[in-house]
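I opened the file to look up strands, helices and cores. My notes are in the order in which I made them.

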Amino acid sequence: MMTSEVYSDNVSFTYEHADTPALMDIMLSIPRGQCVVLCGASGCGKTTYSRVVNGLVPQFFRGTFAGKQRTCGLDPSSTPIDQLTPLVGSVLQNPKTQYFNANVTDELAFPAENMGLPTSEINRRVDAVAERFGITGLLGRSIFHLSGGQKQRIAMAAANILDPRLVVLDEPTSNLDQTAIADMRKLIEAMKARGLTIAIAEHRLAWLNGVADRYVVFDGGRIARQYEADEFLTLSPGCIAAMGLRALDLGPYRRRIAELESQSDAQQGSSPRFDNRTTLAPALEQSRHDLKTVPGHRSPKPLLSTRNLVIGYRGRDGFTRHIPDLEFHPGDIIGLMGHNGCGKTTLVRTLTGLAKPLAGSITLNGRTAKPRDLTRAGFLVMQDVNYQLFSDSVREELMIGLDETDPTVLAQTNSVLEDLDLTQVADRHPMSLSGGQKQRVAIGSALMCGKELIILDEPTSGLDRYHMEQVGELLRRLAAQGRTILVVTHDEELAAGWCTRIINLERCRTDPACTA
Amino acid sequence: MQSSFPAKSVTSDSRTSFQPPAAATAPGAPVFSDGAGGFSSDRTADTARLDRADRVSRTLDPRTKLFLLLAANLMLFFHVALATQIIMAILFLIPLAVAGRWRLTVNFAVLYAVFTALGLLDPEALGLPWLHVVSALAVGTTMMLPCFMTGAYAFTTTSASAFICSMRRMRVPEAVVIPCVVVIRFFPTIAEDYRQIRNAMALRGIASGGWGLVRHPAQSLEYILIPLLMNATTVAQDLSVAALTKGLGREGEHTSRTPIRMRAVDWLAMVAVMIPLGLDIAGVIR
């Protein structure tokens, strides 16, 4: 126990106002210098446990705490949280809300200032940590204008400014793209090389292969099982899936994505074809099989097509991008990929008429469309779906702007509710629903307005395997009803399993043929 | 059966499918370096600009900013004469311009000029009695504007840590300091949230278009406020967690990297705004 940085003996915790305990009888010991992954399905208790380790539970998130917990030799349930600050660095899930200062240098200095270090020492540490985390070039910049990956990098650096012994990360990659995740891995490796103890609560597992020493699988608030890394990595994909975990090996998914991408390039506008020579992982075989058996809903006439489109915006941070000519057919599930900052959001805003194209035209149902027409025909399910729910109940939400006394509207509402498995919660407040249910309410409102193009922005960020698959199935159902689906995503498992075509904006932009 | 370190193959795989060959990189496109250095730091070099690092030296001390805000409120309270109002408004705009906030300065100046002019209209002389409503509203707005000017100056040109430090120097209790800092950090997120909500409304066809908000003001307000407040609660929680884990609540002395001290120009600014205000209250300006 002396060499354990984290030691839990029979720890249980129930959040205030919750009926069921979030953690039960946790026995865990993390020796100094180990990198441990806390994994499991949503609501399994891994995030709660990470909060126990850094003292947020029970000091900020209140409730009933029982058992004995030691973090770096202190008892976080009774020591004030600020005594843990110099020992435990924390990186949280949302890059947008975990920084406190507008300026990178200020943010890095912030923990050191709070510890009352002298100015010269603060400056020395800021320079040293910026050097270590490769962000010297960002010092002095405004954090608001940085990419998600850069923000998360700054969060990592800020967590290290006080030279902690332990770093706790809570789903640090849920908003990151592939390149940023690869960067994250290098940072974790570097921290490990310095002898830091690392605890990561995470859904995405593949990026941690070879870095993590141990995997702790949570289930329903208990530790289901602990694995040493080499033992865990030899588990079959089926076994990992059965535990509700995301894939350990993304290789087959990436090959599938590359295949879908080359198909979209080669045969823009014609129906997707599958190359039988490529071998897919067993998990993928199933979904591919499903795809083939879906009857040909894909209509030959495109709903939307672009011609010589140039997107972008002007102003201080303005940018412009040429978009290769695209066609979106009813029944398609198109994945829009490419790293942060390559213009995915701007393209989506342009396709839904929220932003004007700088040049070129968009055709809707064979007619040149104005931004206004596009806003009427398209719908965007935002990553943060809370912004788009306005009513007191799910049923009312679906009927906004429609005549509530009209029997056909009522009938349609009921069928949409039924279709999206929302009948049970029809009279509940949308904000009281789970993330997935909220997503479905937003989609329902789009169906009620007769939207033909439904765009989803990162619908599976921070979701476990089960919920990711649920989203995939929903997309397929919508496509089968003849809607055109566009998914903006970094999630390779979703893209490979459920998309019928993939457009990679990043590749298009450096490909000379695309920028013509 | 997997190898024990499949990550290696994954990384090389990703490179072939996602990272373009260097030769194909167009000039001006961001550079992807996969080495150990600042891999992602140059990714959005074209979008993120160097913030004026020397801004601190070109703005007043946070305590002076708060004093200006107080002076603007006193003006409202004492109902000062028009001449005083105009002098004060100009005085308030000077530091904003010096801090390099040109657009904000010009916007405020134009708004102020327009509303002052509207307030000077004489509806009787023009024979348009309904203008009374307009000029009454304009007078009210003109009186509020100095508060917005000084508020905008205080909040857009001060870093959170400078604020914390100066409030602590003024011996403000922690129970006031921490909520204030969270609120300051909160403002930029509200603007962003508002844009998102307006987009969501446009997609639903709710109060869209330039006049949409005006046509159904009560309903629109509800549609904007509900998501805004719902989101605010989660953001406030996230921010509190971030602040706590970084030791904002620690008892004992905190330091600040940003040098904070009252300079001659700070005293000058305070005296400058107090002169017209004092003269007005004393009854010299009418």
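**Conventions.** I am working with a predicted model, in which local features need pLDDT of at least 70 and side-chain atom pairs count only at pLDDT 80 or more, while totals for chains, interfaces and linings use all residues. Residues are numbered from 1 along each chain as its sequence is written, and chains are lettered from A and ligands numbered from 1 in the order in which they are written.

**Terms for strands.** Helices (H or I, at least four residues) and strands (E, at least two) are DSSP runs, numbered from the N terminus. I count two strands as paired if DSSP finds at least two bridges between them.

**The six-stranded sheet.** I looked up the strand order of an open sheet in chain A and read β5-β6-β7-β3-β8-β9, with mixed pairing. At its edges are β5 (88–91) and β9 (222–228) of chain A, each pairing on one side only. From one strand to the next, the twist averages 15°; the axes are lines fitted to C-alpha atoms, with angles running from 0 to 180 degrees between N-to-C directions. I then followed β8 (residues 214–219) of chain A, which pairs with β9(A) in the antiparallel sense over six bridges. Here A:V217 is opposite A:R225 in β9(A).

**Around β14(A).** Strand β14 (residues 359–364) of chain A runs antiparallel to β10 (residues 304–313) of chain A, with five bridges. I found A:R307 opposite A:S361. Two bridges also join β14(A) to β15 (residues 367–368) of chain A, again antiparallel, and A:L364 stands opposite A:R367. These two strands, β14(A) and β15(A), form a hairpin with two residues between them, and A:N365 in the turn has a positive phi of about 50°.

**Chain B.** I counted 12 helices and zero strands in chain B. Of its 286 residues, 31% are buried, meaning that 20 or more other C-beta atoms, placed from the backbone, lie within 10 Å of the residue's own.

**Cores.** A nonpolar core is a set of buried Ala, Val, Leu, Ile, Met, Phe, Trp, Tyr and Cys residues joined through C-beta atoms within 7 Å. The largest has 176 residues, and A:V37 and A:L38 are among those touching the most other members.

Conventions:
Buried ≥ 20, exposed ≤ 12 C-beta atoms within 10 Å, placed from the backbone.
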